[in-house]
Amino acid sequence: MANGAGRLDLDGRPIKPMTICMIGAGGFIGSHLCEKLMNETPHKVLALDVYNDKIKHLLEPGTSQWAERIQFHRINIKHDSRLEGLVKMADLTINLAAICTPADYNTRPLDTIYSNFIDALPVVKYCSENNKRLIHFSTCEVYGKTIGSFLPKDHPLRQDPDFYVLKEDTSPCIFGSIEKQRWSYACAKQLIERLVYAEGAENGLEFTIVRPFNWIGPRMDFIPGIDGPSEGVPRVLACFSNNLLRREPLKLVDGGESQRTFIYIKDAIEAVLLMIENPERANGHIFNVGNPNNEVTVRQLAEMMTQVYSKVSGETAIESPTIDVSSKEFYGEGYDDSDKRIPDMTIINRQLGWNPKTSLWDLLESTLTYQHRTYAEAVKKATSKPVAS
Ligand SMILES: NC(=O)c1ccc[n+]([C@@H]2O[C@H](COP(=O)([O-])OP(=O)(O)OC[C@H]3O[C@@H](n4cnc5c(N)ncnc54)[C@H](O)[C@@H]3O)[C@@H](O)[C@H]2O)c1
Ligand SMILES: O=c1ccn([C@@H]2O[C@H](COP(=O)(O)OP(=O)(O)O[C@H]3OC[C@](O)(CO)[C@H]3O)[C@@H](O)[C@H]2O)c(=O)[nH]1
């Protein structure tokens, strides 16, 4: 439905148009959520971010069907007095703003902690004081390592789901020691979750907490040297895309043994829309949002991306498509890793009836088609430039 007229919630009630204050709207998830809200609902978005490149197509004056429903505010929430006013103007605030690339956690731990905890504090406070609903984006990283990872490698209980499936209401949060600064992000996210939860318990804040499990798709992060810094290290999808575009081997950190479940951004956004439009079912809950059927090791991901990229680009793969690299060399001192991430889906299934749909192969095919179409020419140009002597 183009403008969303006549939309009903999961209990058959008409959904009233709302105004949403979306902080971090210019990022990967924000850009897809804005697109979804513009295309399929009548809701208005106050889009706050430091950047807007990823939502430019929604902001152009020519796209008049949206111009009245999306308004960009270039705001750094660290220091901008307009924030409270914008939260007050909205029915719902969604906070996506964060430093959330692992390369930063151990190299910029202070920025990481400030961004994920301190900077989020006023948002929680303004929502609580003004009786506004909040959807806060946390992370699957709050689970840290699995219980099973502490058992010997060949222990049979490692195969028991009780030792690895991550459940919102029962799994512990297991981080490494303090000098493993990788966990600065997860720890800051955990504390802000606890604060949001406490505001709900003590002051009646209406909240939902989202724990995304490796959402991937078009517009994720940047390609170093093309639309981001040459020395920058984005998340794995963009690292591997960059290697494939440049016909370089994909770098496997510490053997690429860690396991992840990847979900297509468009499936995940469906879940967020259900949360937005079904407050009575979503308030007071923490939701895992992932795809337990799409589990691979990072090595398997590299192999699959190599195959898919050959298919969509028409180029044969290079002779040695992967190379091993230590985490110290790749990320620096203090890196550590989550061993395995399988989301339990009971709560989101029960509350919102949501399930992911897209297989890993299919989501990589559409994503790498986008990467190839968007970046191949620019990478070719950049790599053919003579190097200054
Ligand atoms: N993508 C995933 O798979 C994933 C997984 C786990 C958690 N998350 C969480 O979801 C949220 C969004 O992630 P994303 O993948 O879209 O990341 P992203 O980096 O693409 O988006 C974050 C956006 O927040 C903005 N931002 C950061 N600090 C800001 C500030 N001080 N003021 C204004 N804007 C600011 C950035 O400019 C960026 O556009 C984050 O909170 C992240 O921790 C994402
Ligand atoms: O070139 C590379 C890049 C990464 N790896 C390894 O891949 C695994 C996944 O890495 P990445 O996608 O960068 O991030 P994580 O899954 O570890 O963490 C994210 O999860 C959710 C979120 O909160 C936000 O997106 C973030 O913290 C990892 O094992 C890397 O070592 C590689 O081998 N080669």
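Helices (H or I, at least four residues) and strands (E, at least two) are DSSP runs, numbered from the N terminus.

This is a predicted model, in which local features need pLDDT of at least 70 and side-chain atom pairs count only at pLDDT 80 or more, while totals for chains, interfaces and linings use all residues. Residues are numbered from 1 along each chain as its sequence is written, and chains are lettered from A and ligands numbered from 1 in the order in which they are written.

**Entry: burial in α15**

I call a residue buried if 20 or more other C-beta atoms lie within 10 Å of its own, exposed if 12 or fewer, and partly exposed in between, with C-beta atoms placed from the backbone. I listed the buried residues of α15 as L360, L363, L364, T367, L368, Q371, Y375 and V379. In general, an α-helix has 3.6 residues a turn, so residues three or four places apart point the same way. For packing I counted two residues as in contact if their C-beta atoms, placed from the backbone, lie within 7 Å. The buried residues of α15 pack against β8 (215-216), α9, β11 (263-264), β13 (295-297) and α12 (298-313).

I turned to α9 (236-245). 10 of the 10 residues of α9 are buried, so this helix is largely enclosed by the rest of the structure. The buried residues of α9 pack against β8, β9, α12 and α15.

Just after α9, R247 takes a positive phi of about 55°, although R247 is not a glycine. I placed R247 in the loop between α9 and β9. R247 is partly exposed, with 14 other C-beta atoms within 10 Å. I noted another such case at D254, where phi is near 50°, a positive value in a residue other than glycine. D254 sits in the loop between β9 and β10 (259-261) and counts as partly exposed, with 18 C-beta neighbours inside 10 Å.

**Entry: the two ligands**

I put a residue in a shell if its C-beta atom, placed from the backbone, lies within 6 Å of the molecule. Around ligand 2 there are 18 residues, and the closest are T139, R235, V236, C239 and V253. The elements giving two or more residues to this shell are α9 and β9 (250-253). Strand β9 gives the most, with 3 residues. I sorted Ala, Val, Leu, Ile, Met, Phe, Trp, Tyr, Cys and Pro as nonpolar, Asp, Glu, Lys and Arg as charged, and the others, Gly among them, as polar. The shell around ligand 2 then divides into 9 nonpolar, 4 polar and 5 charged residues.

Ligand 1 has 25 residues around it, of which G24, G27, I29, A98 and C100 come nearest. Helix α1 (residues 28-40) gives the most to that shell, with 3 residues. By class, I read 14 nonpolar, 8 polar and 3 charged residues around ligand 1.

I defined a nonpolar core as a set of buried Ala, Val, Leu, Ile, Met, Phe, Trp, Tyr and Cys residues joined through C-beta atoms within 7 Å. The largest has 99 residues, and those with the most contacts inside it are C21, M22, I23, C34, V45, A47 and M305. Leaving out residues up to four places away in sequence, C21 touches L46, L48, L86, V87, A90 and T93.

I also looked up L134, which lies in strand β5 (residues 133-137). L134 is buried, with 24 other C-beta atoms within 10 Å. L134 and E206 are 72 residues apart in sequence and 6.4 Å apart in space, C-alpha to C-alpha.

**Entry: whole chain**

I counted 15 helices and 15 strands in the protein chain. The radius of gyration is 21 Å, close to the 21 Å that the globule rule gives for 389 residues, so the chain is as compact as a globular protein of that length. The radius is taken over C-alpha atoms, and the rule is 2.2 Å times the number of residues to the power 0.38. Buried residues make up 42% of the 389 residues.
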